[in-house]
Amino acid sequence: MTFRRFITGIFALALAGTLSAGAAQALSVDLISNGDFETGDLSGWSTTANSRGETFEAVASSRRDPAIAGAYDVTYDPRFSGIATLTQFFTVPDQVISATFNFTVQMGSTILNSSPLTEVSILDSFSNVVWSRFSTSSNTAISPITFDLTTLLQSYQGQSLGVQFGFTPSSFPVVSGDLTLDDIAMMVETPAAVPLPPTIWMMLAALGLFGVLGWRRRDVGTSASFTANPA
Ligand SMILES: [Ca+2]
């Protein structure tokens, strides 16, 4: 075995080890901040109100009305008609392996056969709706909801998207209905940037030294080329 083959072999082993370590690891991140409202306010969120200024509010847990989870949830419980919205924008990572949109919801009404309307949407950076679902349920139990948005987020990698909840109370014969939310999360699995172990850095440094020595002895050499990892 020539010295050059020996060096190439070590380099290939180190590279293969690094790449396999990278491929084996994925990072799971929540793109929504304060989705559990445990700050006690609407930090990270923006709202629009109905014509009377009523909108979503972070509500502290009480003995009469415990939060869905933790010490706070968020509620829109208007006395007047009209939609209010709750919105948060986030940046989609450059590489999305999977994406799951989760929230826990409870829809109430004091009127039988009423039709309060809950809408959940994904907005692009121009606030155009690119995905939406709605519900006319009322008097529901606390319900965890999950949507697989892998395909959608993969088509918006590196771009800005928003989640938006809207609620329109029933208005006949009088205004009635409320929406309560908690634990809103956009869980995205993305490839982890794995730092090289120290031994590999030392090996690469030694190879660099050998490379410089080799470069001085020979006039021509080969240059390395790197391509981006496939998504
Ligand atoms: Ca909470």
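Which residues have the most contacts inside the largest nonpolar core? Before the answer, a word on the model itself. The structure is predicted, so local features need pLDDT of at least 70 and side-chain atom pairs count only at pLDDT 80 or more, while totals for chains, interfaces and linings use all residues. Residues are numbered from 1 along each chain as its sequence is written.

Here is the overall layout. The protein has three helices and 11 strands, where helices (H or I, at least four residues) and strands (E, at least two) are DSSP runs numbered from the N terminus. Along the sequence, these elements come in the pattern α-β-β-β-β-β-β-β-β-β-α-β-β-α. Of the 231 residues, 22% are buried; a residue gets that label if 20 or more other C-beta atoms lie within 10 Å of its own, is exposed with 12 or fewer, and is partly exposed in between, with C-beta atoms placed from the backbone.

A nonpolar core is a set of buried Ala, Val, Leu, Ile, Met, Phe, Trp, Tyr and Cys residues joined through C-beta atoms within 7 Å. The largest one has 32 residues, and Ala99, Leu153, Leu181, Met186 and Val188 have the most contacts inside it. Strands 4 (72–76), 5 (84–91), 6 (98–108), 7 (117–123), 10 (160–168) and 11 (178–191) each supply at least two of its residues. Leaving out residues up to four places away in sequence, Met186 touches Asp30, Leu31, Ile32, Phe90, Ala99, Phe101 and Val163.

Five strands form an open sheet in the order 2-5-10-7-8, with antiparallel pairing; two strands pair if DSSP finds at least two bridges between them. Strand 2 (46–48) and strand 8 stand at the edges with a single partner strand each, so one side of each has no neighbour in the sheet. Strands 7 and 8 run antiparallel and are joined by six bridges.

Strand 8 (residues 129–135) is also where Trp131 is found. Trp131 counts as partly exposed because it has 17 C-beta neighbours inside 10 Å. Ile122 stands opposite Trp131. Not counting residues up to four places away in sequence, Trp131 touches Ser121, Ile122 and Leu152. Val120 is 11 residues from Trp131 in sequence, and their C-alpha atoms are 8.4 Å apart in space.

Conventions:
Two residues are in contact if their C-beta atoms, placed from the backbone, lie within 7 Å.
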